[in-house]
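Please keep the sequence and the model in view while reading.

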Amino acid sequence: MTTFVITVPGTFLSGLTDSARSVLERELASQHTDVSESEGLDLLTLNGDGTFSIRLEIDARDRYEAELDATRLVAAALKDAGIAEADAPLGPPAVTGIDSDL
């Protein structure tokens with residue numbers, strides 16, 4: 001298994017409340033650990049125009065599986081935070097880091 005840092009971009013079309021942000025960060029915190037922290041990566045980056053980036057660490061066999069898992073986790077966390085899919089469309093995930101025993 002390889003640990004991938006996956007960045008999932010998106011856009012909040014109707015803003016993000018403090019309570020929704022707290023839930024979102026709490027739901028995803030377990031996927032933001034050693035690799036991300038050692039590289040100084042923030043879990044959630046919000047931009048003034050409503051765009052955002054979420055960085056997660058995913059253990060997977062390959063890049064494709066890691067990207068799918070990250071997108072699934074972000075979508076579930078947004079739902080748990082009370083944010084409808086239509087209010088926060090996600091962009092294509094990207095591998096932004098790899099930590100492997102190879």
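Met 1 is located in the segment that precedes strand S1 (2-11); here strands (E, at least two residues) and helices (H or I, at least four) are DSSP runs, numbered from the N terminus. The model is a predicted one, in which local features need pLDDT of at least 70 and side-chain atom pairs count only at pLDDT 80 or more, while totals for chains, interfaces and linings use all residues. Residues are numbered from 1 along each chain as its sequence is written, and side-chain values use heavy atoms, with hydrogens and water left out.

With a relative accessibility of 68%, Met 1 counts as exposed; the classes are buried for under 20% relative accessible area, exposed for over 50%, and partly exposed in between (1.4 Å probe, protein chains only). Which residues does Met 1 touch, not counting those up to four places away in sequence? They are Asp 59, Ala 60 and Arg 61, where contact means heavy atoms within 4.5 Å. Between Met 1 and Ala 60, which are 59 residues apart along the chain, the C-alpha separation is 5.4 Å.

Side chains of opposite charge can pair when their charged atoms come close. The structure contains 4 salt bridges, each defined as a side-chain nitrogen of Lys or Arg within 4 Å of a carboxyl oxygen of Asp or Glu. One of them joins Glu 25 to Arg 21 at 3.1 Å, N to O. Both residues belong to helix H1 (residues 18-28), where they lie 4 residues apart, about one turn of the helix. Glu 25 is partly exposed at 28% relative accessible area, and Arg 21 is partly exposed at 30%.

Helix H3 (residues 63-80) holds Arg 63 and Glu 67, 4 residues apart and about one turn of the helix from each other. Their closest N and O atoms are 3.2 Å apart in a salt bridge, and Glu 67 counts as buried at 15% relative accessibility. Asp 69 forms a salt bridge with Arg 72, with 4.0 Å between the closest N and O atoms; these residues are 3 apart in helix H3, about one helical turn.

Two packed helices are described by the angle between their axes and the distance between the axes. H1 and H3 pack at about 140°, with their axes 8 Å apart; axes are lines fitted to C-alpha atoms, for helices over the stretch in contact, and angles run from 0 to 180 degrees between N-to-C directions. The contact involves Val 23, Leu 24, Glu 27 and Leu 28 of H1 together with Leu 73, Val 74, Ala 77, Leu 78 and Asp 80 of H3.
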